[in-house]
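Thanks for coming. Please have a look at the structure on the screen before I start.

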Amino acid sequence: MEAIDRIEGEVAVLDRADVDTDQIMPKQFLKRVERTGYGEFLFYDWFKDGEIELEAHPILVAGRNFGSGSSREHAVWGLYDYGFRAIIAPSFSDIFYSNCTKNGLLPIILDEEKCKLVASSGRAVIELDDETVTCEEGVFTFEIDEEIKHRLSNGLDDVAHTLQRVERIDSFEATGAANRGPDTLAL
Amino acid sequence: MPKTLFEKIWESHEVDADLIYIDLHLVHEVTSPQAFDGLRLAGRGVRRPDRTLATADHNVPTDGTPTAAMIADHLSREQVEALERNCEEFGIPLYSLGSDRRGIVHVIGPELGVTQPGMTIVCGDSHTSTHGAFGALAFGIGTSEVEHVLATQTLVQRRPQTLRIDYSGTLSSGVTAKDLILATIGRLGTSGMQGYAVEFAGEAIRGLSMENRMTICNMTIEGGGKAGMISPDEITVEFVRGRPGAPEDFDAAATEWLGMATDEAASFDREEVIEAPDIAPMVTWGTTPGMVAEVTSAVPDPALFDSPADQEAAARALAYMDLKAGTPLTEVSLDRVFIGSCTNSRISDLREAAAVVEGRKIAPTLKGMVVPGSQQVKVEAEEEGLDEIFRSAGFEWRESGCSACLGMNPDILQPGERCASTSNRNFEGRQGRLGRTHLVSPSMAAAAAVEGTFVDIRDWS
Ligand code: SF4
């Protein structure tokens with residue numbers, strides 16, 4: 001995953017609430033077993049029907065509860081592949097937010113008012129380290145979990161990071177604490 | 001110190017700061033291929049294949065296709081075959097096509113008895129919240145997290161806040177668990193539970209069967225909740241007893257499970273109270289599960305919503321659904337009825353629907369389909385003769401799978417078709433491009449099939 005430092009550029013706007021991952025990446029593209037190449041299928045039905053238009057700018061401003069519904073990470077792969085590097089919205093679904101942070105796509109929560117101001121500015125600069133979004137209409141700070149920020153700004157692979165703590169997992173299993181649930185799954 | 005069910009589970013699974021141990025990892029064909037590829041690329045193995053269980057459900061045709069190799073759609077076939085290869089390579093037990101234990105992942109976990117109280121359970125699927133009905137901490141994850149759990153049997157997680165929704169009183173006759181959760185989402189909104197591990201509690205919940213509790217926890221995600229859970233009690237224990245995955249020393253386990261229940265004096269970060277007797281049969285009218293109304297009411301007027309954003313969303317939803325504000329919901333006529341999905345395809349759901357259609361015929365203008373949640377549910381239903389009841393009423397009776405819940409397989413709506421569905425999502429195109437979905441309970445879906453329009457099940461006979 002690519003490290004994030006500063007994201008700068010024009011802003012695309014999708015002014016709708018509750019945009020779910022079924023819209024972002026429709027089901028027919030979930031049959032692919034690859035992880036790349038999803039950009040061309042982004043918002044497939046909405047684009048095809050001329051419902052919306054979105055320029056492939058680095059920053060997307062969206063409505064509340066963005067990414068709700070299905071856990072499909074394909075939605076994030078599509079947004080990233082299309083060209084977005086940050087998404088600014090009043091709120092995100094939990095799973096979608098987490099999926100973004102595993103793929104170097106920066107989710108930023110700003111209240112509705114500030115989202116509108118960033119959208120109308122048309123351009124913005126995001127500094128991850130300072131946790132700021134700067135646009136013509138002002139400088140807005142956002143909050144992000146320290147751990148997530150550390151991983152995003154260093155482009156760290158989650159699995160490698162956890163495997164550095166493997167003795168902790170070993171000892172947890174050794175205490176018998178990991179023995180909850182069925183004795184075996186070979187039923 | 002008194003603790004909540006959530007706190008007890010969380011604290012007994014903390015491996016390290018923000019790292020929790022996963023007791024059971026369920027896997028299906030759609031969200032796993034890239035995770036297995038990731039492992040191979042990095043030269044990593046699966047840490048606990050003995051804690052991992054896989055099934056094929058989203059892509060499987062429900063027409064009785066006997067093996068993965070015979071799936072007609074080549075992309076679906078490749079995906080199921082990839083799952084079979086991956087499970088073989090990494091030593092993961094799998095129920096694929098041809099297995100009599102196959103079914104929707106959230107139906108088979110409980111059915112096999114591998115879903116048990118006090119566990120942490122994850123799956124690359126948002127409706128993993130279903131398993132929380134047993135007093136487990138269960139939630140959906142993305143593919144990167146699937147890879148993380150495969151490699152480490154742990155998950156990096158920040159502790160969510162806790163919310164208890166207390167349902168006082170009992171549900172009225174004809175009103176079901178599905179109506180309870182739809183009414184709750186209608187009240188709190190599609191992001192009303194965001195960031196919370198939600199415990200459903202109170203008299204109305206205690207009186208419900210495990211199947212009904214699963215329906216409620218299943219749709220927690222539609223309210224934005226991280227996880228939905230219900231404290232284990234005797235009903236929970238009796239459900240698990242005798243199932244293949246039940247522990248050998250059952251009594252000792254049962255005692256421990258009952259001890260996981262939320263302590264009387266435990267406190268939550270947030271509490272909501274809902275009067276269960278006030279809940280009516282519900283029907284969704286829009287394109288999110290939060291756009292829902294009592295069956296006795298009319299399609300709402302977008303102009304009456306609070307914020308401009310909500311007004312716009314409602315107007316767009318009505319245009320997509322081809323509905324006019326003010327039309328009584330009981331005058332909305334249907335082209336399709338789908339009884340199935342991980343929300344409402346268990347044996348009790350099928351019994352509930354069968355009781356409504358027994359001795360009746362579905363409207364001739366309409367196509368009805370019943371899809372059991374698993375092969376075992378199918379066998380059980382057939383032993384009870386439910387298949388005959390559905391068939392002679394005019395329904396199609398299918399093999400198990402996700403089916404028309406999401407249309408990744410041949411069961412889809414045609415553009416413009418209107419469907420009463422017992423599933424969980426009425427998003428645009430969810431059941432097929434330009435299809436229109438109304439979410440309801442199994443008995444409401446069955447009665448709607450007979451009448452061709454929605455009816456109030458409470459006074460319908
Ligand atoms: S039945 Fe529907 S909601 Fe449930 S797992 Fe399958 S596709 Fe997802």
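Predicted model: local features only at pLDDT ≥ 70, side-chain atom pairs only at ≥ 80, totals over all residues.

Residues are numbered from 1 along each chain as its sequence is written, chains are lettered from A and ligands numbered from 1 in the order in which they are written, and side-chain values use heavy atoms, with hydrogens and water left out.

Now the pockets. On a 1 Å grid over the protein atoms alone, a pocket is an open set of points where a 1.4 Å probe fits, with protein on both sides within 12 Å along at least five of seven lines, and lining residues have an atom within 4 Å of a point. Points are joined across faces, edges and corners, and a volume is the space filled by probe spheres set on them.

The largest pocket has a volume of about 780 Å³. It is lined by 29 residues, and the closest to its centre are Asp94(A), Tyr97(A), Ser98(A), Ile148(A) and Arg158(B). Helices (H or I, at least four residues) and strands (E, at least two) are DSSP runs numbered from the N terminus. Helix 4 (94-101) of chain A gives the largest share of this lining, five residues. Helix 6 (146-154) of chain A and strand 7 (137-140) of chain B each supply at least two.

The second largest pocket has a volume of about 630 Å³. Which residues lie nearest its centre? They are Met1(A), Arg35(A), Lys102(A), Asn103(A) and Ser144(B). Here helix 2 of chain B gives the most to the lining, with five residues.

Back to helix 4 of chain A. Strand 3 (residues 86-89) and strand 4 (residues 106-109) of chain A pair in the parallel sense over four bridges; pairing requires that DSSP finds at least two bridges. The chain goes from strand 3 of chain A through helix 4 of chain A to strand 4 of chain A, a right-handed β-α-β crossover. Right-handed means that, with the strands pointing away from the viewer, the path from the first strand over the helix to the second runs clockwise.

Last, Thr130(B), in the loop between strand 6 (120-123) and strand 7 of chain B. Thr130(B) counts as buried because its relative accessibility is 0%, and buried means under 20% relative accessible area (1.4 Å probe, protein chains only). Leaving out residues up to four places away in sequence, Thr130(B) touches His106(B), Met214(B), Cys217(B), Asn218(B) and Arg346(B), where contact means heavy atoms within 4.5 Å.

Conventions
Buried < 20%, exposed > 50% of the residue type's maximum accessible area, 1.4 Å probe, protein only.
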